[in-house]
Amino acid sequence: MFARVFALLPLALLASATSTSQCNTGPIQCCNSVQSAQQVSSLLSSVGVLVADAAALGQVGVTCSPITIIGTGSGCAATQQPVCCTNNNFNGVVNLGCSPVNVVL
């Protein structure tokens, strides 16, 4: 029994290690800041998003752009936060439902 567990353990670790930098809602974004919806309420209002709706989704990414092909040197700048966001429909001005990702570039 223990032999089976130890035989499958490396596969489970590999699967969990590869999923930490994946974003299944679109490309990973580089945002100049990631804040709560209340902190950027005036910006959200200017693009027609209700603060309550944005708050329900989580953090808000501000001034975001997607990370392009990994390995081309076009990742996030040192001052930017790599995030995965669920709603990227505002041309990078704001991205909703963002959570930080651990990206090794």
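Predicted model: local features only at pLDDT ≥ 70, side-chain atom pairs only at ≥ 80, totals over all residues.
Let's start with the overall layout. The chain has three helices and four strands. Going along the sequence, they turn up in the order α-β-α-α-β-β-β.

Next, the strands, with β4 as the reference point. Strand β4 covers residues 94–100, and five of its seven residues are buried, so the rest of the structure largely encloses it. Buried here stands for a relative accessible area under 20%. Strand β4 also has pairing partners: β2 (residues 59–66) is joined to it by four bridges, and β3 (residues 81–84) by two bridges. Both pairings are antiparallel.

| Strand paired with β4 | Residues | Bridges | Sense |
|---|---|---|---|
| β2 | residues 59–66 | four bridges | antiparallel |
| β3 | residues 81–84 | two bridges | antiparallel |

Now for the chain as a whole. How many of the 105 residues count as buried, as a percentage? The figure is 27%. The accessible surface comes to about 6600 Å², and carbon and sulfur atoms account for 61% of that. As for contacts, take those between residues at least 6 apart in sequence: 68% of them link residues at least 24 apart.

Notes. Residues numbered from 1 in each chain as written. Heavy atoms only, no water. Buried < 20%, exposed > 50% of the residue type's maximum accessible area, 1.4 Å probe, protein only. Contact = heavy atoms within 4.5 Å. Areas by Shrake-Rupley, 256 points an atom, 1.4 Å probe, with all protein chains shown as cover. Pairing = 2+ DSSP bridges.
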